[in-house]
Amino acid sequence: MNINITLIAQMVTFAVFIWFCWKYIWPPITEAMSERQKAIAEGLAAAERAEKDLELAQSKATDQMREAKVEAQQHIDEARERAKQMVEAAKDDARQEGERLLEAARAEIDQEMNRAKETLRIEVAELALSGAEKVLGSSIDRSKHGVLLDELAAEL
Amino acid sequence: MAGQELTSGEYIKHHLTNLTYGQLPDGSWGLAHSAEEAKEMGFWAINVDSMGWSIGLGLVFCFFFGKAAKHATAGVPGGLQNFVEMIIDFIDDTVSNIFNHTNSLIAPMALTIFVWVFMMNLMDLIPIDVIPEFAKLLGVHYMKVVPSTDPNVTMGMALCVFGLILFYSIKCKGVGGFFAELAFHPFPKFLMPFNLFLETVNLIAKPISLGLRLFGNMYAGEMIFILLAIMYGGIVTGIVGGVLQWGWAMFHLIIVTLQAFIFAVLTVVYLAQAHDVEEEH
């Protein structure tokens, strides 16, 4: 309880501790704290930026997806249209080809028939001629009765 | 309790005596053997226990906070750094609310005061007989473990603060400005002597109230612990005393923290006033 030299000694001690704190404790810690504060602020800003970027990218992706879908639909429609046209064309071709073939076949048949008729007519003429020869008992002069024979043959 | 051979009065007196080193009546230097002897040593004596405990606690502060400062990282802080940063943040907040000038010394000083005074006050919560009895086993007869119950300690700090108040007053206002602040307030200039008297008393009251407030609070708290410790005579009074002591310790914990905080804050307030260059009224 007595005031003595402790008073002075305590002043010195106090001053030394304050000096130590002022020099070696306060600055590094507050510096680290403010640095961390800055880092956190930066981190938060970066996160916000990233979030915005992500949003942007997402909307862009959706847009692109929608566009792609539309384009794909267009392609599909086009392809379908083309397929239809191709089928139509093929059908037309086939029909035409068929008709052509039919026509050709018909022409051939006609030709064949005519040829057969001709042959038949000649044979019949021969036959009629030989029959008539037999009936008349003489040969028929071909050059004399040629016109008649031809007429006959044409009638057959 | 210190022993049956002591009366209550002696017990109290024993607890309130510092371990004092100084010149003994026979002319040689050594530790005082009684309160009277310590008193007779006069000014040229030193309270070894107060100095030892306060320096020890200051070193604890420097060690832990210095360790945190040395390994301070802006990355993920460890437990110690977290704890230290919490206190520093608290002090920094408090100081920046009170002190609007730029002075890098103020906040570290407030931190030192707060933590150091808090630790010195906290010594009060160690059961009062433990360390003195232990010291007795080592042959040391007086041991006051709470440095802040020694007016030398609290007044020493207060005088340091007073020195800083004077230093910054003169630095910021100049000798003339400082004198004007003392002489021309609160009354008109023709009442200068009266103003000077009033303001000087006001100025001197600052360190005295600062030092004595802490001392008074801690001394009173210590006193109550001592008085409660005397109750450990019988079983009934012992139990009552124990309960009371526990209650008082809980309450004292608030005082311990509050007084440390008040000392730090008032120091900052006084220094802020010293920095304020007053405009003409």
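Reader: At what angle do helix H1 of chain A and helix H5 of chain B pack?

Author: In this predicted model, helix H1 (residues 6–136) of chain A packs against helix H5 (residues 106–122) of chain B at an angle of about 120°. Their axes lie 9 Å apart. That angle makes H1(A) oblique to H5(B).

Reader: And is the crossing of H1(A) and H5(B) right-handed or left-handed?

Author: The crossing of H1(A) and H5(B) is right-handed.

Reader: Which residues meet there, from H1(A) and from H5(B)?

Author: On the H1(A) side, the residues include Phe14(A), Phe17(A), Ile18(A), Trp22(A) and Trp26(A). They meet residues of H5(B), among them Pro108(B), Met109(B), Leu111(B), Ile113(B) and Trp116(B). By class, the residues of this contact of H1(A) with H5(B) divide into 13 nonpolar, 3 polar and no charged.

Reader: What about H1(A) and helix H4 of chain B: at what angle do they pack?

Author: H1(A) and helix H4 (residues 79–98) of chain B pack at an angle of about 90°, and their axes are 11 Å apart. H1(A) is therefore roughly perpendicular to H4(B). From H1(A), the contact involves Trp26(A), Ile29(A), Thr30(A), Ala32(A), Met33(A) and Arg36(A). H4(B) contributes Gln81(B), Val84(B), Glu85(B), Ile88(B), Asp89(B), Ile91(B) and Asp92(B).

Reader: How many charged residues does the contact of H1(A) with H4(B) have?

Author: There are 4 charged residues in the contact of H1(A) with H4(B), together with 7 nonpolar and 2 polar.

Reader: While we are on charge, how many salt bridges does the structure hold over all chains?

Author: Over all chains, the structure holds 8 salt bridges. One of these joins Asp63(A) to Arg66(A), with the closest N and O atoms 3.4 Å apart.

Reader: Where do Asp63(A) and Arg66(A) lie?

Author: Both are in helix H1 of chain A, 3 residues apart, which is about one turn of the helix. Side chains of opposite charge can pair when their charged atoms come close.

Reader: Let us turn to chain B as a whole. How many helices and strands are there?

Author: Chain B has 9 helices and 3 strands. Starting from the N terminus, its elements run α-β-β-α-β-α-α-α-α-α-α-α. The C-alpha atoms of chain B fill a box of roughly 65 × 55 × 40 Å along the principal axes.

Reader: In what order are the strands of the open sheet in chain B?

Author: The open sheet of 3 strands in chain B has the order E2-E1-E3, with antiparallel pairing. E2 and E3 of chain B are the edge strands, each pairing on one side only.

Reader: How many bridges join E1(B) to E2(B), and which residue is the bridge partner of Gln23(B)?

Author: E1(B) is joined to strand E2 (residues 29–31) of chain B by 3 bridges. Gln23(B) has Trp29(B) as its bridge partner in E2(B). The hairpin of E1(B) and E2(B) has 5 residues between the strands, and Gly27(B) takes a positive phi near 100° there.

Reader: On to E3(B): how many bridges join strand E1 to strand E3 of chain B?

Author: 2 bridges join strand E1 (residues 20–23) to strand E3 (residues 46–47) of chain B, and these strands run antiparallel. Tyr21(B) has Ile46(B) as its bridge partner in E3(B), while the partner of Thr20(B) is Asn47(B).

Terms used: Residues numbered from 1 in each chain as written. Chains lettered and ligands numbered in written order. Predicted model: local features only at pLDDT ≥ 70, side-chain atom pairs only at ≥ 80, totals over all residues. Heavy atoms only, no water. Axes fitted to C-alpha atoms, helices over the stretch in contact; angles between N-to-C directions. Helix = DSSP H or I, 4+ residues; strand = E, 2+ residues; numbered from the N terminus. Parallel < 35°, antiparallel > 145°, perpendicular 65-115°, else oblique. Left-handed = near helix turned anticlockwise from the far one by under 90°. Contact = heavy atoms within 4.5 Å. Nonpolar A, V, L, I, M, F, W, Y, C, P; charged D, E, K, R; others polar. Pairing = 2+ DSSP bridges. Salt bridge = Lys/Arg side-chain N within 4 Å of Asp/Glu carboxyl O.
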